[in-house]
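Reader: Hi, I'm new to this one and would like to be walked through it. Could you put it up on the screen before we start?

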Amino acid sequence: MSRHIALIPAAGVGARFGAGKPKQYVEINGQTVLQHTLAVFLAHAQIDHIAVVLSPEDNFFQTASNHKLSVLKCGGETRAETVRNGLAALLQQGLAAPHDNILVHDAARCCLPPEALSRLIQEAGGQAEGGILAVPVADTLKRADAAQHIGATVARAGLWQAQTPQLFQAALLQRALDVGDLSAITDEASAVEALGVQPLLVQGDSRNLKLTLPQDEYIVRLLLADKSHAPV
C-alpha cells in the first residue's frame, strides 16, 4: 500500500520578500512560516512522513524533533534541483519507496487548509498520473506587449492557477526530474507533463496562498490568526 510522504523544499532565499533572511524563517504569530507549514502535515492523519529539504548552509532551521519529520540538507540552487535532491535522498535512505505518493509543497504556503490536503489525497492518491491542487482563474487576464500596454485579453475559460501540494508517485516524479536542464521546470506538474502525462486538477482553496511579497504577510497573519481560533 502506498504511503503519503510530504516533501517541503525550503532551500530558497526569498529575495522578492526582502526580509533580510529566507522568507520561510519570518516569524508570524509566534512561529516561523516554515513551522506553520510543517504543523499542517504533522497534524494530518494521512501523512505518514515529512521531509524538509534545506540548503547545506542553513543555520536558521529550528523545530521540535518529531518521529514523522526528517531534515535533509541537500537543497540545490533551484526549487526543481532541491526537490530532485530531496527525493533521491528519501529513496536512498529507505524513507520512501518508488510506489509511495510524494506530496511536494511550498514552504511558504503556510495556510493550507487540512480539508484541501485531504481532498488531494482522496482524489489523486490513487491516480497513476498524480494530481495537484489548483483553483480556476477568476480574474480577467491581460497579455502585455513589449511596452507594457495591453496586447490582448486572454480567455480564462479552462485556465487554472496551480497550487501545492502536487502529488505524484515517487518513481514518476524521479523520472520527470531526471533531466539535464531543470531551468524550465516551474513546478513538479510541468516536469511530469513533459513526459506526456496529464495530472489531475483537484479543487484547491483561495486561502492556500503563497507568501511571496511583503504585502502578502498581512493576509497570512489574518488567516493564521483565524485558524488558531477555529474549533477543533
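This is a predicted model: local features need pLDDT of at least 70, side-chain atom pairs count only at pLDDT 80 or more; totals for chains, interfaces and linings use all residues.

Reader: Okay, and is Arg109 buried or exposed?

Author: Arg109 is buried, since its relative accessible area is 10%, and a residue counts as buried when that value is under 20%. Asp106 also counts as buried, at 5% relative accessibility.

Reader: What else does Arg79 form a salt bridge with?

Author: Arg79 forms a salt bridge with Glu188 too, and there the closest N and O atoms are 2.8 Å apart. This pair links distant parts of the chain, because Arg79 is in helix α2 and Glu188 is in helix α5 (residues 188–193), 109 residues apart. Glu188 counts as buried, with a relative accessibility of 3%. Through shared partners, the salt bridges join Arg79, Asp106, Arg109 and Glu188 into one network.

Reader: How many salt bridges does the count come to?

Author: The count comes to seven salt bridges. As a general point, side chains of opposite charge can pair when their charged atoms come close.

Reader: Switching to the strands now: what is their order in the open sheet?

Author: The open sheet has seven strands in the order β5-β4-β1-β6-β10-β7-β11, and their pairing is mixed. At the edges stand β5 (69–72) and β11 (200–203), each with a single partner strand, so one side of each has no neighbour in the sheet. On average, neighbouring strands of this sheet are turned by 30 degrees against each other, if direction is ignored.

Reader: How many bridges join β1 to β6, and do these strands run parallel or antiparallel?

Author: Strand β1 (residues 4–9) and strand β6 (residues 101–104) run parallel and are joined by four bridges. Within this pairing, His4 stands opposite Asn101 of β6.

Reader: And how do β6 and β10 pair?

Author: β6 and β10 pair over four bridges in the antiparallel sense, and Val104 has Gln166 in β10 as its bridge partner.

Reader: Which way do the residues of β6 point?

Author: Asn101 and Leu103 point one way from β6, whereas Ile102 and Val104 point the other way, and all of them are buried.

Reader: Which strands does helix α2 lie across?

Author: Helix α2 (residues 79–92) lies across β1, β4 (49–53), β5, β6 and β10 (160–169), and it runs at about 140 degrees to β1. Helix α4 (residues 170–177) packs on the sheet as well, touching β6 and β10, and its direction makes about 115 degrees with that of β10.

Reader: Could we zoom in on Thr82: what is it in contact with, beyond its neighbours within four places in sequence?

Author: Thr82 lies in helix α2 and counts as buried at 2% relative accessibility. Leaving aside those neighbours within four places, Thr82 is in contact with Pro9, Ala11, Val53, Gly75 and Gly76.

Reader: Why is helix α1 described as largely enclosed?

Author: Helix α1 (residues 33–42) has seven of its 10 residues buried, so the rest of the structure largely encloses it. The buried residues of α1 are Val33, Leu34, His36, Thr37, Leu38, Val40 and Phe41.

Reader: Last topic, the surface: which residues make the nonpolar patch?

Author: Tyr218, Ile219 and Leu222 make a nonpolar surface patch of about 330 Å². Tyr218 lies in helix α6 (residues 216–228) and is exposed, with a relative accessible area of 57%.

Definitions and conventions: Residues are numbered from 1 along each chain as its sequence is written. Side-chain values use heavy atoms; hydrogens and water are left out. Two strands pair if DSSP finds at least two bridges between them. Helices (H or I, at least four residues) and strands (E, at least two) are DSSP runs, numbered from the N terminus. Axes are lines fitted to C-alpha atoms, for helices over the stretch in contact, and angles run from 0 to 180 degrees between N-to-C directions. Contact means heavy atoms within 4.5 Å. Patches are made of residues with over 30% relative accessible area and no salt bridge: like charges are joined within 9 Å, nonpolar side chains (Val, Leu, Ile, Met, Phe, Trp, Tyr) within 5 Å. Accessible areas come from the Shrake-Rupley method with a 1.4 Å probe; for residues, only the protein chains shown count as cover. A salt bridge is a side-chain nitrogen of Lys or Arg within 4 Å of a carboxyl oxygen of Asp or Glu. Buried means under 20% relative accessible area, exposed over 50%, partly exposed in between (1.4 Å probe, protein chains only).
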